[in-house]
Amino acid sequence: MAIDALNLAERLQTPVFVLSDLDIGMNLWITEAFEYPEKPEDRGKVLTAEQLAAFKENHNGQRWGRYLDVDGDGIPYRTLPGTRNPQAGYFTRGTGHTEYATYSERPEVWEAMLKRVEKKFDTARHLVPAPIVEENPDARIGIITMGSNHPAVVEARARLDKGGVGSAYLRLRALPIDESVREFISRYDRIYVVENNMDGQVATILRAELPDLAGKLVSLAKCDGMPLSARWITEQIAATE
Amino acid sequence: MTATPTRTPAPKTPKVNSIGLEKNAYKGGESTLCNGCGHDSISSRIINAAWESGLDQTQVVKFSGIGCSSKTPAYFLGMSHAFNSLHGRMPSIATGALVANKTLTGIGVSGDGDTASIGIGGFKHMVRRNVPMVYVVENNGVYGLTKGQFSATSDKGQKLKYAGVNNFMPLDVCLEALAANATFVARSFAGDAKQLEALLKAAFSHKGLAILDVISPCVTFNNHDDSTKSYNWGKEHEIQLHELNFVPSFEQIEIDEYDDEREVQLHDGSWLLLKKLGEDYDPTNKILAYQTLEDARRDQRLLTGIFYIEPETPDFNDLLHTVDTPLALLTQAETRPSREALKHVMEAL
(Lines give C-alpha, C1' and ligand atoms only; values in the text may rest on other atoms or scores of the structure.)
Protein backbone atom coordinates (compact mmCIF):
# COMPACT_ATOMS: atom_id res chain seq x y z
CA MET A 1 0.00 0.00 0.00
CA ALA A 2 2.85 2.39 0.82
CA ILE A 3 4.46 1.65 -2.55
CA ASP A 4 1.15 2.33 -4.34
CA ALA A 5 0.65 5.54 -2.36
CA LEU A 6 4.10 6.87 -3.28
CA ASN A 7 3.60 5.95 -6.94
CA LEU A 8 0.20 7.69 -6.95
CA ALA A 9 1.66 10.79 -5.29
CA GLU A 10 4.25 11.10 -8.07
CA ARG A 11 1.82 10.22 -10.88
CA LEU A 12 -0.85 12.67 -9.65
CA GLN A 13 1.64 15.24 -8.28
CA THR A 14 -0.39 15.53 -5.11
CA PRO A 15 -0.14 14.40 -1.48
CA VAL A 16 -1.73 11.00 -0.84
CA PHE A 17 -3.05 10.28 2.63
CA VAL A 18 -2.75 6.68 3.83
CA LEU A 19 -5.39 6.06 6.47
CA SER A 20 -4.91 3.60 9.26
CA ASP A 21 -6.69 3.27 12.58
CA LEU A 22 -5.87 2.61 16.20
CA ASP A 23 -6.72 -1.08 15.87
CA ILE A 24 -4.26 -1.60 13.01
CA GLY A 25 -1.70 0.91 14.19
CA MET A 26 -1.26 -0.10 17.83
CA ASN A 27 -1.80 -3.84 17.91
CA LEU A 28 0.37 -6.66 16.67
CA TRP A 29 -1.20 -8.67 13.87
CA ILE A 30 -0.06 -11.75 12.02
CA THR A 31 -0.22 -11.32 8.26
CA GLU A 32 0.82 -13.26 5.21
CA ALA A 33 4.48 -12.68 4.29
CA PHE A 34 4.92 -9.63 2.04
CA GLU A 35 5.35 -10.45 -1.62
CA TYR A 36 8.17 -8.92 -3.60
CA PRO A 37 6.79 -5.91 -5.52
CA GLU A 38 7.04 -6.70 -9.22
CA LYS A 39 5.83 -3.35 -10.56
CA PRO A 40 8.52 -0.75 -11.31
CA GLU A 41 8.39 2.57 -9.47
CA ASP A 42 6.33 5.25 -11.18
CA ARG A 43 7.92 8.72 -11.05
CA GLY A 44 5.10 10.15 -13.15
CA LYS A 45 5.50 12.86 -15.76
CA VAL A 46 9.08 14.02 -15.14
CA LEU A 47 11.07 15.57 -17.99
CA THR A 48 14.84 15.24 -18.26
CA ALA A 49 16.89 18.09 -19.77
CA GLU A 50 16.90 16.25 -23.13
CA GLN A 51 13.15 15.51 -23.06
CA LEU A 52 12.50 19.16 -22.25
CA ALA A 53 14.63 20.26 -25.23
CA ALA A 54 12.62 17.95 -27.51
CA PHE A 55 9.23 18.75 -25.93
CA LYS A 56 7.93 21.11 -28.61
CA GLU A 57 8.87 18.68 -31.35
CA ASN A 58 7.09 15.82 -29.59
CA HIS A 59 3.95 17.79 -28.67
CA ASN A 60 2.74 19.34 -31.94
CA GLY A 61 4.74 22.53 -31.51
CA GLN A 62 3.36 23.15 -28.01
CA ARG A 63 5.87 24.81 -25.65
CA TRP A 64 6.27 23.13 -22.23
CA GLY A 65 4.44 24.83 -19.36
CA ARG A 66 4.66 23.62 -15.79
CA TYR A 67 0.88 23.77 -15.38
CA LEU A 68 -0.09 23.17 -19.01
CA ASP A 69 -2.19 20.05 -19.60
CA VAL A 70 -1.04 18.73 -22.98
CA ASP A 71 -2.71 15.32 -22.93
CA GLY A 72 -6.10 15.90 -21.35
CA ASP A 73 -5.69 14.10 -18.01
CA GLY A 74 -5.21 17.29 -15.97
CA ILE A 75 -1.62 16.28 -15.08
CA PRO A 76 1.11 18.52 -16.55
CA TYR A 77 4.77 17.58 -16.96
CA ARG A 78 7.30 18.73 -14.38
CA THR A 79 11.08 19.06 -14.10
CA LEU A 80 13.19 18.35 -11.03
CA PRO A 81 15.55 20.92 -9.46
CA GLY A 82 19.02 20.46 -10.92
CA THR A 83 17.80 19.76 -14.49
CA ARG A 84 20.51 21.22 -16.72
CA ASN A 85 18.30 23.21 -19.06
CA PRO A 86 17.77 26.97 -18.61
CA GLN A 87 14.05 26.52 -19.39
CA ALA A 88 13.56 23.94 -16.61
CA GLY A 89 13.20 26.22 -13.58
CA TYR A 90 9.84 27.44 -12.28
CA PHE A 91 8.44 29.01 -9.14
CA THR A 92 6.02 26.83 -7.19
CA ARG A 93 3.61 29.07 -5.31
CA GLY A 94 0.16 28.95 -3.82
CA THR A 95 -1.14 32.17 -5.32
CA GLY A 96 -2.51 32.61 -8.84
CA HIS A 97 -0.31 31.35 -11.64
CA THR A 98 -0.58 30.77 -15.35
CA GLU A 99 0.02 27.54 -17.22
CA TYR A 100 3.62 28.73 -17.61
CA ALA A 101 4.05 29.26 -13.84
CA THR A 102 4.08 33.05 -14.04
CA TYR A 103 2.24 35.18 -11.49
CA SER A 104 -1.31 36.21 -12.32
CA GLU A 105 -4.27 37.72 -10.50
CA ARG A 106 -6.67 37.35 -13.44
CA PRO A 107 -9.90 35.55 -12.40
CA GLU A 108 -10.11 33.53 -15.64
CA VAL A 109 -6.55 32.25 -15.11
CA TRP A 110 -7.38 31.24 -11.54
CA GLU A 111 -10.57 29.46 -12.62
CA ALA A 112 -8.87 27.65 -15.52
CA MET A 113 -6.27 26.30 -13.11
CA LEU A 114 -8.96 24.94 -10.78
CA LYS A 115 -10.76 23.35 -13.76
CA ARG A 116 -7.54 21.55 -14.60
CA VAL A 117 -7.21 20.32 -11.02
CA GLU A 118 -10.82 19.11 -11.20
CA LYS A 119 -9.92 17.13 -14.33
CA LYS A 120 -6.95 15.65 -12.47
CA PHE A 121 -9.30 14.63 -9.66
CA ASP A 122 -11.40 12.72 -12.21
CA THR A 123 -8.24 11.05 -13.55
CA ALA A 124 -7.42 9.99 -9.99
CA ARG A 125 -10.74 8.10 -9.70
CA HIS A 126 -9.40 5.47 -12.08
CA LEU A 127 -5.86 5.32 -10.72
CA VAL A 128 -6.55 4.72 -7.02
CA PRO A 129 -7.33 1.17 -5.77
CA ALA A 130 -10.87 0.23 -6.90
CA PRO A 131 -13.48 -1.03 -4.42
CA ILE A 132 -13.85 -4.78 -3.92
CA VAL A 133 -17.47 -5.68 -4.67
CA GLU A 134 -19.40 -8.81 -3.79
CA GLU A 135 -22.78 -8.64 -5.55
CA ASN A 136 -25.85 -10.59 -4.38
CA PRO A 137 -28.70 -10.71 -6.95
CA ASP A 138 -31.15 -11.95 -4.28
CA ALA A 139 -30.40 -9.20 -1.78
CA ARG A 140 -32.35 -5.99 -1.21
CA ILE A 141 -29.65 -4.34 0.90
CA GLY A 142 -25.98 -3.54 0.48
CA ILE A 143 -23.24 -2.78 3.00
CA ILE A 144 -20.33 -0.39 2.42
CA THR A 145 -17.37 -0.27 4.78
CA MET A 146 -13.59 0.16 4.79
CA GLY A 147 -10.38 -0.80 6.59
CA SER A 148 -10.36 -2.87 9.75
CA ASN A 149 -14.18 -3.06 9.91
CA HIS A 150 -13.94 -5.72 7.20
CA PRO A 151 -13.80 -8.88 9.39
CA ALA A 152 -16.72 -7.64 11.52
CA VAL A 153 -18.81 -6.99 8.40
CA VAL A 154 -17.98 -10.43 6.98
CA GLU A 155 -19.23 -12.02 10.20
CA ALA A 156 -22.28 -9.76 10.43
CA ARG A 157 -23.29 -10.68 6.88
CA ALA A 158 -23.11 -14.39 7.76
CA ARG A 159 -25.29 -13.79 10.83
CA LEU A 160 -27.81 -11.72 8.85
CA ASP A 161 -27.88 -14.39 6.16
CA LYS A 162 -28.87 -16.96 8.77
CA GLY A 163 -31.73 -14.72 9.80
CA GLY A 164 -32.89 -14.49 6.20
CA VAL A 165 -31.43 -11.08 5.40
CA GLY A 166 -29.12 -11.42 2.40
CA SER A 167 -26.73 -8.55 1.59
CA ALA A 168 -24.29 -7.37 -1.04
CA TYR A 169 -20.96 -5.88 0.00
CA LEU A 170 -18.63 -3.15 -1.21
CA ARG A 171 -15.31 -2.56 0.53
CA LEU A 172 -14.10 0.92 -0.27
CA ARG A 173 -10.32 1.15 -0.59
CA ALA A 174 -9.74 4.72 -1.72
CA LEU A 175 -11.20 8.13 -2.44
CA PRO A 176 -12.13 9.63 -4.84
CA ILE A 177 -14.75 7.02 -5.80
CA ASP A 178 -15.30 5.67 -9.31
CA GLU A 179 -18.54 4.67 -11.14
CA SER A 180 -18.62 1.23 -9.53
CA VAL A 181 -19.78 2.81 -6.25
CA ARG A 182 -22.73 4.54 -8.00
CA GLU A 183 -23.63 1.31 -9.78
CA PHE A 184 -23.51 -0.66 -6.53
CA ILE A 185 -25.71 1.80 -4.63
CA SER A 186 -28.19 2.00 -7.54
CA ARG A 187 -28.68 -1.77 -7.55
CA TYR A 188 -30.04 -2.15 -3.98
CA ASP A 189 -32.92 -0.63 -2.00
CA ARG A 190 -30.89 0.47 1.00
CA ILE A 191 -27.17 0.79 1.62
CA TYR A 192 -25.74 0.67 5.14
CA VAL A 193 -22.48 2.60 5.43
CA VAL A 194 -20.64 1.04 8.37
CA GLU A 195 -17.82 3.08 9.86
CA ASN A 196 -15.85 3.40 13.05
CA ASN A 197 -16.13 7.14 13.69
CA MET A 198 -18.59 9.43 15.44
CA ASP A 199 -20.00 11.36 12.50
CA GLY A 200 -20.41 8.93 9.63
CA GLN A 201 -17.79 10.74 7.61
CA VAL A 202 -17.74 8.35 4.64
CA ALA A 203 -21.55 8.44 4.42
CA THR A 204 -21.32 12.24 4.29
CA ILE A 205 -18.74 12.10 1.47
CA LEU A 206 -20.84 9.60 -0.51
CA ARG A 207 -23.98 11.75 -0.11
CA ALA A 208 -22.05 14.76 -1.42
CA GLU A 209 -20.59 12.81 -4.35
CA LEU A 210 -23.89 11.11 -5.27
CA PRO A 211 -26.67 13.49 -4.17
CA ASP A 212 -29.34 11.73 -6.27
CA LEU A 213 -28.69 8.48 -4.35
CA ALA A 214 -28.29 10.10 -0.92
CA GLY A 215 -31.74 8.90 0.19
CA LYS A 216 -30.63 5.28 -0.07
CA LEU A 217 -27.72 5.65 2.33
CA VAL A 218 -28.13 4.74 6.01
CA SER A 219 -25.20 5.71 8.22
CA LEU A 220 -24.15 3.16 10.84
CA ALA A 221 -21.40 4.95 12.73
CA LYS A 222 -19.98 4.12 16.15
CA CYS A 223 -16.90 5.28 18.00
CA ASP A 224 -16.23 3.98 21.53
CA GLY A 225 -12.50 3.35 21.29
CA MET A 226 -12.95 -0.31 20.36
CA PRO A 227 -13.09 -2.08 16.99
CA LEU A 228 -16.62 -2.49 15.62
CA SER A 229 -18.24 -5.80 16.55
CA ALA A 230 -20.20 -8.12 14.27
CA ARG A 231 -22.94 -8.19 16.89
CA TRP A 232 -23.46 -4.42 16.85
CA ILE A 233 -23.58 -4.32 13.03
CA THR A 234 -25.99 -7.27 12.90
CA GLU A 235 -28.31 -5.75 15.51
CA GLN A 236 -28.39 -2.37 13.82
CA ILE A 237 -29.31 -3.82 10.42
CA ALA A 238 -31.67 -6.48 11.76
CA ALA A 239 -33.63 -3.80 13.64
CA THR A 240 -34.66 -2.24 10.31
CA GLU A 241 -34.78 -5.19 7.94
CA MET B 1 52.75 39.40 11.77
CA THR B 2 50.33 37.10 10.11
CA ALA B 3 50.73 35.57 6.68
CA THR B 4 47.64 36.72 4.87
CA PRO B 5 46.41 35.98 1.38
CA THR B 6 45.56 38.98 -0.72
CA ARG B 7 43.80 39.05 -4.02
CA THR B 8 45.20 39.74 -7.42
CA PRO B 9 42.65 42.16 -8.88
CA ALA B 10 40.31 40.50 -11.36
CA PRO B 11 40.09 41.93 -14.89
CA LYS B 12 38.16 45.22 -14.78
CA THR B 13 34.36 44.85 -14.60
CA PRO B 14 33.75 42.01 -17.02
CA LYS B 15 30.52 42.13 -19.00
CA VAL B 16 30.10 38.42 -18.53
CA ASN B 17 30.92 36.28 -15.52
CA SER B 18 33.04 33.14 -15.25
CA ILE B 19 30.33 31.03 -16.93
CA GLY B 20 29.77 33.54 -19.75
CA LEU B 21 26.54 35.16 -18.56
CA GLU B 22 25.59 38.82 -18.29
CA LYS B 23 24.18 40.12 -15.04
CA ASN B 24 20.71 40.54 -16.56
CA ALA B 25 20.48 36.77 -16.86
CA TYR B 26 20.40 36.58 -13.04
CA LYS B 27 17.31 38.75 -12.64
CA GLY B 28 13.81 37.48 -11.94
CA GLY B 29 10.33 38.94 -12.37
CA GLU B 30 9.40 42.51 -11.51
CA SER B 31 9.00 43.16 -7.78
CA THR B 32 5.50 43.85 -6.43
CA LEU B 33 6.84 45.12 -3.07
CA CYS B 34 6.56 48.78 -1.98
CA ASN B 35 9.00 51.22 -3.58
CA GLY B 36 12.13 51.50 -1.44
CA CYS B 37 11.61 48.19 0.38
CA GLY B 38 14.81 46.85 1.94
CA HIS B 39 13.94 43.40 0.61
CA ASP B 40 14.39 44.63 -2.99
CA SER B 41 17.90 45.84 -2.10
CA ILE B 42 18.69 42.37 -0.77
CA SER B 43 17.40 40.76 -4.00
CA SER B 44 19.75 43.05 -5.95
CA ARG B 45 22.66 41.99 -3.75
CA ILE B 46 21.82 38.32 -4.29
CA ILE B 47 21.74 38.91 -8.06
CA ASN B 48 25.16 40.60 -7.91
CA ALA B 49 26.74 38.03 -5.63
CA ALA B 50 25.40 35.10 -7.66
CA TRP B 51 26.55 36.67 -10.92
CA GLU B 52 30.02 37.50 -9.62
CA SER B 53 30.35 34.04 -8.06
CA GLY B 54 29.42 32.49 -11.42
CA LEU B 55 26.59 30.39 -9.97
CA ASP B 56 24.91 28.06 -12.47
CA GLN B 57 21.23 28.89 -11.95
CA THR B 58 20.08 25.47 -13.09
CA GLN B 59 21.93 24.07 -10.07
CA VAL B 60 20.40 26.54 -7.60
CA VAL B 61 17.14 26.02 -5.77
CA LYS B 62 15.33 28.82 -3.92
CA PHE B 63 13.01 28.38 -0.95
CA SER B 64 10.78 30.67 1.06
CA GLY B 65 7.92 30.64 3.50
CA ILE B 66 5.18 33.27 3.72
CA GLY B 67 5.48 37.04 4.07
CA CYS B 68 6.79 39.99 2.07
CA SER B 69 10.31 38.51 2.24
CA SER B 70 9.09 35.17 0.98
CA LYS B 71 7.75 36.70 -2.22
CA THR B 72 11.24 37.81 -3.23
CA PRO B 73 12.62 34.55 -4.73
CA ALA B 74 10.39 35.44 -7.70
CA TYR B 75 12.51 38.56 -8.22
CA PHE B 76 16.00 37.04 -8.58
CA LEU B 77 17.64 34.09 -10.37
CA GLY B 78 14.74 33.53 -12.73
CA MET B 79 16.23 30.36 -14.21
CA SER B 80 16.28 28.50 -10.89
CA HIS B 81 13.62 26.27 -9.40
CA ALA B 82 11.84 27.82 -6.43
CA PHE B 83 9.33 26.68 -3.83
CA ASN B 84 7.13 29.06 -1.85
CA SER B 85 6.18 26.85 1.09
CA LEU B 86 3.77 27.17 4.00
CA HIS B 87 4.30 29.82 6.68
CA GLY B 88 7.34 28.93 8.78
CA ARG B 89 7.86 25.63 7.00
CA MET B 90 10.61 26.62 4.57
CA PRO B 91 13.30 24.77 6.59
CA SER B 92 11.45 21.45 6.30
CA ILE B 93 10.91 21.76 2.54
CA ALA B 94 14.49 22.91 1.99
CA THR B 95 15.94 20.11 4.13
CA GLY B 96 14.09 17.51 2.05
CA ALA B 97 15.12 19.02 -1.28
CA LEU B 98 18.77 19.44 -0.32
CA VAL B 99 18.98 15.85 0.89
CA ALA B 100 17.29 14.65 -2.31
CA ASN B 101 19.97 16.45 -4.32
CA LYS B 102 23.04 17.38 -2.30
CA THR B 103 24.83 18.93 -5.26
CA LEU B 104 22.40 21.87 -5.46
CA THR B 105 23.10 25.31 -4.03
CA GLY B 106 20.20 26.27 -1.76
CA ILE B 107 19.04 29.81 -1.01
CA GLY B 108 16.32 30.24 1.58
CA VAL B 109 14.66 33.61 2.08
CA SER B 110 12.53 34.17 5.12
CA GLY B 111 11.36 37.02 7.30
CA ASP B 112 11.30 37.73 11.02
CA GLY B 113 7.72 36.42 11.28
CA ASP B 114 8.42 33.35 9.17
CA THR B 115 11.65 32.53 11.04
CA ALA B 116 11.33 33.93 14.57
CA SER B 117 7.61 33.39 15.21
CA ILE B 118 5.74 30.57 13.48
CA GLY B 119 8.91 29.00 12.06
CA ILE B 120 11.25 29.19 15.07
CA GLY B 121 11.11 25.40 15.64
CA GLY B 122 11.95 24.53 12.04
CA PHE B 123 14.66 27.22 11.99
CA LYS B 124 16.43 25.87 15.08
CA HIS B 125 16.36 22.29 13.81
CA MET B 126 17.66 23.26 10.38
CA VAL B 127 20.54 25.06 12.13
CA ARG B 128 21.17 22.06 14.39
CA ARG B 129 21.37 19.79 11.34
CA ASN B 130 23.73 22.14 9.45
CA VAL B 131 21.76 21.70 6.21
CA PRO B 132 23.92 23.16 3.42
CA MET B 133 22.07 26.35 2.46
CA VAL B 134 22.29 30.13 2.57
CA TYR B 135 19.49 31.24 4.90
CA VAL B 136 18.67 34.95 4.58
CA VAL B 137 16.37 36.44 7.21
CA GLU B 138 14.98 39.71 5.85
CA ASN B 139 14.36 41.22 9.26
CA ASN B 140 12.16 44.33 9.43
CA GLY B 141 10.64 43.82 12.88
CA VAL B 142 7.08 44.04 11.63
CA TYR B 143 4.41 42.00 9.86
CA GLY B 144 4.17 43.96 6.63
CA LEU B 145 2.02 41.66 4.51
CA THR B 146 -0.76 41.74 7.13
CA LYS B 147 -0.40 45.54 7.48
CA GLY B 148 1.84 46.30 10.44
CA GLN B 149 1.65 44.14 13.57
CA PHE B 150 4.62 43.51 15.90
CA SER B 151 6.84 40.55 15.14
CA ALA B 152 9.06 38.51 17.45
CA THR B 153 12.05 40.72 16.60
CA SER B 154 10.29 44.04 17.31
CA ASP B 155 12.13 46.00 20.00
CA LYS B 156 10.67 46.31 23.46
CA GLY B 157 9.02 49.71 23.73
CA GLN B 158 8.75 50.06 19.95
CA LYS B 159 5.76 52.08 18.73
CA LEU B 160 3.75 51.29 15.63
CA LYS B 161 0.91 53.35 14.19
CA TYR B 162 -1.82 50.74 14.54
CA ALA B 163 -0.29 48.22 16.97
CA GLY B 164 0.58 50.64 19.83
CA VAL B 165 3.58 49.87 22.07
CA ASN B 166 5.41 46.52 22.15
CA ASN B 167 5.89 45.24 25.72
CA PHE B 168 7.87 42.10 24.94
CA MET B 169 11.58 41.43 24.63
CA PRO B 170 12.69 40.64 21.07
CA LEU B 171 14.32 37.43 19.89
CA ASP B 172 17.77 37.90 18.39
CA VAL B 173 18.03 35.70 15.28
CA CYS B 174 21.85 35.47 15.51
CA LEU B 175 21.81 34.47 19.19
CA GLU B 176 19.13 31.86 18.49
CA ALA B 177 21.28 30.48 15.65
CA LEU B 178 24.39 30.35 17.85
CA ALA B 179 22.51 28.54 20.60
CA ALA B 180 21.38 25.95 18.04
CA ASN B 181 25.05 25.32 17.03
CA ALA B 182 25.15 27.32 13.82
CA THR B 183 28.38 27.12 11.79
CA PHE B 184 28.03 30.54 10.09
CA VAL B 185 26.30 33.49 11.78
CA ALA B 186 26.34 36.97 10.31
CA ARG B 187 24.33 40.18 10.34
CA SER B 188 24.15 42.90 7.78
CA PHE B 189 22.02 45.88 6.79
CA ALA B 190 20.06 46.08 3.52
CA GLY B 191 21.51 49.58 3.00
CA ASP B 192 25.12 48.31 3.16
CA ALA B 193 25.57 46.89 -0.35
CA LYS B 194 29.31 46.21 -0.17
CA GLN B 195 29.26 44.28 3.08
CA LEU B 196 26.10 42.35 2.24
CA GLU B 197 27.55 41.18 -1.07
CA ALA B 198 30.78 40.02 0.56
CA LEU B 199 28.76 38.14 3.19
CA LEU B 200 26.53 36.53 0.55
CA LYS B 201 29.53 35.33 -1.44
CA ALA B 202 31.12 33.90 1.70
CA ALA B 203 27.80 32.27 2.59
CA PHE B 204 27.62 30.62 -0.87
CA SER B 205 31.08 29.17 -0.26
CA HIS B 206 30.32 27.94 3.25
CA LYS B 207 29.91 24.21 3.75
CA GLY B 208 26.80 23.94 5.89
CA LEU B 209 24.07 26.37 6.88
CA ALA B 210 24.95 30.06 6.64
CA ILE B 211 22.62 32.30 8.64
CA LEU B 212 22.47 35.90 7.42
CA ASP B 213 20.26 38.16 9.51
CA VAL B 214 19.74 41.24 7.35
CA ILE B 215 18.08 44.28 8.89
CA SER B 216 15.73 45.35 6.11
CA PRO B 217 13.58 48.46 6.67
CA CYS B 218 9.85 48.28 5.96
CA VAL B 219 9.21 51.65 4.31
CA THR B 220 5.46 51.41 4.83
CA PHE B 221 5.06 50.23 8.43
CA ASN B 222 8.37 50.51 10.29
CA ASN B 223 10.64 53.22 8.89
CA HIS B 224 10.22 55.99 11.47
CA ASP B 225 13.47 57.30 12.93
CA ASP B 226 13.13 55.74 16.40
CA SER B 227 12.76 52.23 14.97
CA THR B 228 15.95 50.14 15.05
CA LYS B 229 14.83 48.60 11.75
CA SER B 230 14.63 51.91 9.83
CA TYR B 231 17.00 53.28 7.17
CA ASN B 232 17.99 56.33 9.18
CA TRP B 233 18.57 54.44 12.43
CA GLY B 234 20.51 51.75 10.56
CA LYS B 235 22.71 54.29 8.77
CA GLU B 236 23.42 56.19 11.98
CA HIS B 237 23.93 53.19 14.27
CA GLU B 238 25.55 50.54 12.08
CA ILE B 239 28.93 49.56 13.45
CA GLN B 240 30.95 47.13 11.37
CA LEU B 241 32.77 44.53 13.42
CA HIS B 242 35.37 44.31 10.67
CA GLU B 243 35.74 45.30 7.06
CA LEU B 244 35.01 42.26 4.98
CA ASN B 245 36.55 41.06 1.80
CA PHE B 246 35.84 37.82 0.00
CA VAL B 247 38.23 36.15 -2.44
CA PRO B 248 36.57 33.38 -4.46
CA SER B 249 38.43 30.15 -5.09
CA PHE B 250 38.76 30.89 -8.81
CA GLU B 251 40.74 34.07 -8.22
CA GLN B 252 44.50 33.81 -7.84
CA ILE B 253 45.77 34.11 -4.28
CA GLU B 254 49.07 35.60 -3.31
CA ILE B 255 50.33 35.53 0.24
CA ASP B 256 51.28 38.89 1.67
CA GLU B 257 51.93 40.02 5.21
CA TYR B 258 49.53 42.13 7.21
CA ASP B 259 48.94 42.32 10.92
CA ASP B 260 45.55 44.00 10.99
CA GLU B 261 43.66 41.25 9.15
CA ARG B 262 42.23 37.91 10.14
CA GLU B 263 41.57 35.40 7.39
CA VAL B 264 39.40 32.32 7.29
CA GLN B 265 39.71 29.80 4.49
CA LEU B 266 36.35 28.32 3.48
CA HIS B 267 35.79 24.71 2.50
CA ASP B 268 35.81 25.36 -1.26
CA GLY B 269 39.17 27.14 -1.12
CA SER B 270 37.80 30.69 -1.01
CA TRP B 271 39.11 33.18 1.53
CA LEU B 272 37.22 35.45 3.85
CA LEU B 273 39.33 38.41 4.92
CA LEU B 274 38.32 40.36 8.00
CA LYS B 275 40.09 43.66 8.38
CA LYS B 276 40.33 44.84 11.94
CA LEU B 277 38.28 47.96 12.74
CA GLY B 278 39.03 48.91 16.29
CA GLU B 279 38.21 45.62 18.03
CA ASP B 280 40.34 42.52 17.53
CA TYR B 281 37.56 40.12 16.80
CA ASP B 282 38.07 36.38 16.35
CA PRO B 283 35.06 34.92 14.49
CA THR B 284 35.98 31.36 15.48
CA ASN B 285 35.46 32.08 19.20
CA LYS B 286 31.91 31.17 20.10
CA ILE B 287 31.92 32.64 23.60
CA LEU B 288 33.16 35.92 22.18
CA ALA B 289 30.33 35.81 19.63
CA TYR B 290 27.73 35.39 22.41
CA GLN B 291 29.28 38.20 24.42
CA THR B 292 29.51 40.52 21.43
CA LEU B 293 25.92 39.92 20.36
CA GLU B 294 24.59 40.33 23.90
CA ASP B 295 26.56 43.55 24.41
CA ALA B 296 25.29 44.94 21.09
CA ARG B 297 21.73 44.06 22.04
CA ARG B 298 22.05 45.71 25.43
CA ASP B 299 23.70 48.82 24.01
CA GLN B 300 21.20 49.08 21.11
CA ARG B 301 24.01 48.95 18.55
CA LEU B 302 23.46 47.57 15.04
CA LEU B 303 26.62 45.49 14.91
CA THR B 304 27.24 43.92 11.51
CA GLY B 305 29.70 41.38 10.18
CA ILE B 306 30.54 37.73 10.76
CA PHE B 307 29.99 36.80 14.39
CA TYR B 308 30.87 33.16 14.13
CA ILE B 309 32.16 30.65 11.59
CA GLU B 310 33.19 26.99 11.64
CA PRO B 311 34.35 26.24 8.08
CA GLU B 312 35.05 22.52 8.39
CA THR B 313 32.15 21.10 10.40
CA PRO B 314 30.38 18.23 8.58
CA ASP B 315 27.09 19.23 6.96
CA PHE B 316 23.80 17.34 7.08
CA ASN B 317 24.58 15.14 4.08
CA ASP B 318 27.97 14.18 5.54
CA LEU B 319 26.27 13.20 8.79
CA LEU B 320 23.68 11.13 6.91
CA HIS B 321 26.48 9.39 4.95
CA THR B 322 24.57 9.81 1.69
CA VAL B 323 26.11 8.38 -1.48
CA ASP B 324 27.89 10.61 -3.99
CA THR B 325 25.10 10.45 -6.59
CA PRO B 326 22.18 12.71 -5.60
CA LEU B 327 19.39 10.54 -4.16
CA ALA B 328 16.92 12.02 -6.66
CA LEU B 329 19.01 10.70 -9.56
CA LEU B 330 19.59 7.14 -8.35
CA THR B 331 18.11 4.51 -10.66
CA GLN B 332 15.62 1.89 -9.53
CA ALA B 333 18.28 -0.76 -9.98
CA GLU B 334 20.39 1.11 -7.41
CA THR B 335 17.64 1.71 -4.86
CA ARG B 336 15.45 -1.41 -4.98
CA PRO B 337 16.47 -4.09 -2.46
CA SER B 338 16.81 -7.59 -3.92
CA ARG B 339 14.26 -10.39 -3.73
CA GLU B 340 16.63 -12.14 -1.31
CA ALA B 341 16.78 -9.07 0.95
CA LEU B 342 12.98 -9.08 1.39
CA LYS B 343 13.01 -12.85 1.96
CA HIS B 344 15.67 -12.38 4.62
CA VAL B 345 13.56 -9.73 6.40
CA MET B 346 10.44 -11.92 6.24
CA GLU B 347 12.31 -14.89 7.66
CA ALA B 348 13.67 -12.80 10.51
CA LEU B 349 10.15 -11.81 11.66
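Biologist: Why are strand 1 of chain A and strand 3 of chain B called paired in this predicted model?
Modeller: Pairing requires at least two bridges between the strands. Strand 1 (residues 91-92) of chain A and strand 3 of chain B have two bridges, in the parallel sense, so the pair meets the definition. Within it, Phe91(A) stands opposite Ala82(B).

Biologist: What makes Arg339(B) and Glu38(A) a salt bridge?
Modeller: The closest N and O atoms of Arg339(B) and Glu38(A) are 3.0 Å apart. The limit is 4 Å between a side-chain nitrogen of Lys or Arg and a carboxyl oxygen of Asp or Glu, so the pair qualifies. Across the interface of chain B and chain A the rule finds two salt bridges.

Biologist: Which elements of chain B supply at least two residues each to the side that touches chain A?
Modeller: They are helix 2 (68-71), strand 3 (81-84), helix 11 (332-335) and helix 12 (339-348). Strand 3 gives the most, with four residues. By class, that side of chain B has eleven nonpolar, ten polar and four charged residues.

Biologist: How do you know how much area chain B and chain A bury between them?
Modeller: The value is the accessible area that the two chains lose on being put together, summed over both; here it is about 2100 Å², with 54% on carbon and sulfur atoms. In chain B, His81(B), Arg336(B) and Arg339(B) lose the most area to chain A, together 28% of what that side buries.

Biologist: How many residues of each chain are in contact?
Modeller: With heavy atoms within 4.5 Å as the criterion, 25 residues of chain B are in contact with 24 residues of chain A.

How values were computed:
Residues are numbered from 1 along each chain as its sequence is written. Chains are lettered from A and ligands numbered from 1 in the order in which they are written. This is a predicted model: local features need pLDDT of at least 70, side-chain atom pairs count only at pLDDT 80 or more; totals for chains, interfaces and linings use all residues. Side-chain values use heavy atoms; hydrogens and water are left out. Buried area is the accessible area (1.4 Å probe) that two parts lose on being put together, summed over both. Ala, Val, Leu, Ile, Met, Phe, Trp, Tyr, Cys and Pro count as nonpolar, Asp, Glu, Lys and Arg as charged, and the others, Gly among them, as polar.
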